[in-house]
Amino acid sequence: MSRKEFHDEAIVNQIAEHYREILRLIGEDPSREGLVKTPIRAAKAIIDITAGYRQDAVEVAKKAVFEHAGSSIVIVKDIEFYSMCEHHILPFFGKVSIGYIPKGKMIGLSKLARIVDVYARRLQVQERLTAEVCNLLAETLPNDGVIVTCTAEHLCMKMRGVEKQDSATTTMEYTGKFADDIRLREEFLRLLKA
Ligand SMILES: [Zn+2]
């Protein structure tokens, strides 16, 4: 189901009712002019932001695999994503870079971005987002190794002053030859900087 197809009015209204209550509890007046439509807007936004729960990354991945003869590293750099941390339900966002060693098949570039999006549009932690993208590719795409890095800024840390304003967190997951050979991981990281 795509996020555009999600039209369950009953669920939108239920979520909106909870947002209305949250507004009351934080000391706002949900009936003042600027806030009257806010609960409905917020409900639609959170449904959109969590559309990944209603999408299947395996289906997305399978649709875009095609023949490829080469066996040198394929890299897709800086796939932008926006997600929500599961600890505070606040945004974290950044970039995912993917490398893999093909084994007869390749996957379309736009589909890699879709796969990142399916996992990002859920409540997440950065480490799991990175691992889920890596594992999905390792399992659905014939390969000799997959490596995924993710660099992100977390508003739950920045807005609350826990973290220096310019800091970012980087996570990395890898399988296959990338796990066996540190030189391959170094080559991937060097290609990312190039
Ligand atoms: Zn958080």
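**Exercise 1.** State the strand order of the open sheet and identify its edge strands.

*Solution.* The model is predicted; local features require pLDDT of at least 70, side-chain atom pairs count only at pLDDT 80 or more, and totals for chains, interfaces and linings use all residues. Residues are numbered from 1 along each chain as its sequence is written.

Step 1. The open sheet has five strands in the order E5-E2-E3-E6-E7, with mixed pairing. Strands (E, at least two residues) are DSSP runs numbered from the N terminus, as are helices (H or I, at least four). Two strands pair if DSSP finds at least two bridges between them.

Step 2. Strand E5 (123-124) and strand E7 (169-174) each pair on one side only, which places them at the edges.

**Exercise 2.** Describe how strands E2 and E3 are joined.

*Solution.* Strand E2 (residues 74-85) and strand E3 (residues 91-102) run antiparallel and are joined by nine bridges. Met 84 stands opposite Pro 91 in E3.

**Exercise 3.** Classify the crossing of helices H4 and H5, and list the residues that meet.

*Solution.* Step 1. The axes (lines fitted to C-alpha atoms over the stretch in contact, with angles from 0 to 180 degrees between N-to-C directions) of H4 (residues 109-120) and H5 (residues 126-140) come within 10 Å and cross at roughly 135°.

Step 2. H4 is therefore oblique to H5: angles under 35 degrees count as roughly parallel, over 145 as roughly antiparallel, 65 to 115 as roughly perpendicular, and the rest as oblique.

Step 3. Ile 115, Val 116, Tyr 119 and Ala 120 in H4 meet Leu 129, Glu 132, Val 133 and Leu 136 in H5, contact requiring C-beta atoms, placed from the backbone, within 7 Å.

Note on methods. Contact = placed C-beta atoms within 7 Å.
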